[in-house]
Amino acid sequence: MAMWDRIKDQAKGLQQAQGARSSGGHGRPGSGAGGGSKAQLVGLLKSQLGSLKTELKSGSYRDASMAMCALVAAADGSVDPAERQHVESLILQNDVLQNFPPEQLRQLFNKHVDQLAYNFLQGKTQVMQEIAKAAKKPVEARAVVQTGFVVAGADGYIAPAEAQVLREACAALGVSPQEFGL
């Protein structure tokens, strides 16, 4: 647990530093309030997630992460083919997710996206149940949220719908959304 305390302290320090500078106009244009700090927080979370690569090899992390990626991709209620392909490419390039065969990741991600596309509310319930399975292991639970955060913030901006599903996933995993600036 000490590692997570360090990660939280680093994230808090980054948020405080960014908060102090945000009044100086350091955010990205068009990124909304706190966009610059969110982009930097995504970078920090991505690097912290990479440091856990050897610990994140379980099927529950894999399955919950793919459900999370699908949920983030479909956060606005739909996933167009270009967005699906973009998120799939982010998944396959993710250092931690390289612990798993790419075809497994692709199949799981697309299964969840298809569930969400067919009936968003019913699919969301199924996806959240899959995500919640990672709650048994706090390191994996936080890593699932980090994975979702990294995918959501890949463009340097976390849309309100993405932030909302990330908060909901935090609740399902028993993780405080404040740890991630949500």
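In this predicted model, helices α3 and α6 pack at an angle of about 145°, their axes lying 8 Å apart. Their crossing is left-handed. On the α3 side, the contact is formed by Asp63, Ala64, Ala67, Met68 and Leu71, and on the α6 side by Lys124, Val127, Met128, Glu130 and Ile131. Sorted by class, the contact of α3 with α6 comprises 7 nonpolar and 3 charged residues, with no polar ones.

Helix α6 (residues 120-132) also packs against helix α8 (residues 160-173), here at an angle of about 50° and with the axes 9 Å apart. Because of this angle, α6 is oblique to α8. The crossing of α6 and α8 is right-handed. Lys124, Met128, Ile131 and Ala132 of α6 meet Val165, Glu168, Ala169, Ala172 and Leu173 of α8. This contact of α6 with α8 has 7 nonpolar and 2 charged residues, and again no polar residue.

Ile131 takes part in the contact with α3 and in the contact with α8. Leaving aside its neighbours within four places in sequence, Ile131 is in contact with Ala64, Ala67, Met68, Leu71, Val144, Ala169 and Leu173.

In soluble globular proteins, nonpolar side chains tend to be buried together. The largest nonpolar core here has 45 residues, and of these Phe109 and Ile131 touch the most other members. Two or more residues of this core come from each of α3 (59-73), α4 (81-93), α5 (102-118), α6, α7 (138-152) and α8. The greatest contribution is that of α3, which gives 10 residues.

Methods:
Residues numbered from 1 in each chain as written. Predicted model: local features only at pLDDT ≥ 70, side-chain atom pairs only at ≥ 80, totals over all residues. Heavy atoms only, no water. Axes fitted to C-alpha atoms, helices over the stretch in contact; angles between N-to-C directions. Helix = DSSP H or I, 4+ residues; strand = E, 2+ residues; numbered from the N terminus. Parallel < 35°, antiparallel > 145°, perpendicular 65-115°, else oblique. Left-handed = near helix turned anticlockwise from the far one by under 90°. Contact = heavy atoms within 4.5 Å. Nonpolar A, V, L, I, M, F, W, Y, C, P; charged D, E, K, R; others polar. Core = buried A, V, L, I, M, F, W, Y, C linked by side-chain atoms within 4.5 Å. Buried < 20%, exposed > 50% of the residue type's maximum accessible area, 1.4 Å probe, protein only.
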